Amino acid sequence: MNTTKKIIATIAALTATASVALADGHASNALETAEQELSHAVVVKSVTAAADGWVVIHAIKDGKPVVPASIGHTYVKAGMTENVYVPLTGEYDGDKVIAMLHVDDGELGVYEFGPESTANDKPVVVDGGPLVSPISIDD
């Protein structure tokens with residue numbers, strides 16, 4: 001086999017492997033958060049999304065997320081993203097908020113899940129419940 005054919009065969013093999021790895025990487029959803037200082041934003045350490053969607057921050061009241069209202073959201077592409085900055089546009093009480101992953105299934109690029117409508121951009125469900133990760137806020 002000449003050198004050109006070897007290079008093409010190697011690229012083809014690498015492309016096939018990369019495609020399989022990418023497909024496997026998109027097969028699951030995950031959120032990783034960490035304690036942070038009081039601020040006008042939170043940073044989610046990592047987000048793995050099976051499809052394009054939203055990282056949504058919900059306040060907590062009486063130990064439960066305040067849903068469908070949210071206090072911040074930001075768009076994420078499918079795949080794994082680290083250090084996702086989510087500006088907070090609403091207020092919260094206490095020392096915790098909840099990060100929740102939502103799909104983007106309505107008007108693409110427009111967050112539509114809220115008190116007026118819960119028909120689009122619903123939470124991602126894993127093991128029978130929404131995928132959430134608490135964030136402790138240290139003042």
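This report describes a strand, a nonpolar core and an aromatic cluster in a predicted model.

## Strand β8 and its neighbours

Strand β8, which spans residues 96-103, is mostly covered, since 6 of its 8 residues are buried. Strand β4 (residues 53-61) runs antiparallel to β8 and is joined to it by 7 bridges, while strand β11 (residues 132-138), also antiparallel to β8, is joined to it by 5 bridges.

Val97 of β8 illustrates both pairings, for Ala59 stands opposite Val97, and in β11 the bridge partner of Val97 is Ile135.

## The largest nonpolar core

The largest nonpolar core has 21 residues, and those with the most contacts inside it are Val42, Val47, Val55, Ile57, Val97 and Leu101. Two or more residues each come from β3 (41-49), β4, β7 (79-87), β8 and β11, with β3 giving the largest share, 4 residues.

Leaving aside residues up to four places away in sequence, Val47 touches a number of residues, including Ala30, Leu31, Val55, Met80 and Leu101.

## An aromatic cluster

A search of the whole structure finds 2 aromatic pairs. Trp54 is buried, with a relative accessible area of 5%, whereas Tyr75 is partly exposed at 31%.

The rings of Trp54 and Tyr111 have centres 5.5 Å apart and planes at 65 degrees, so this pair is edge-to-face. Tyr111 belongs to the loop between β8 and β9 (125-126), 57 residues from Trp54, and counts as buried at 15% relative accessibility. Together, Trp54, Tyr75 and Tyr111 form one aromatic cluster.

Note on methods
Residues are numbered from 1 along each chain as its sequence is written. This is a predicted model: local features need pLDDT of at least 70, side-chain atom pairs count only at pLDDT 80 or more; totals for chains, interfaces and linings use all residues. Side-chain values use heavy atoms; hydrogens and water are left out. Buried means under 20% relative accessible area, exposed over 50%, partly exposed in between (1.4 Å probe, protein chains only). Two strands pair if DSSP finds at least two bridges between them. A nonpolar core is a set of buried Ala, Val, Leu, Ile, Met, Phe, Trp, Tyr and Cys residues joined through side-chain atoms within 4.5 Å. Contact means heavy atoms within 4.5 Å. Rings of Phe, Tyr and Trp (its six-membered ring) pair if their centres lie within 6.5 Å; planes under 30 degrees apart count as stacked, over 60 as edge-to-face and the rest as tilted.
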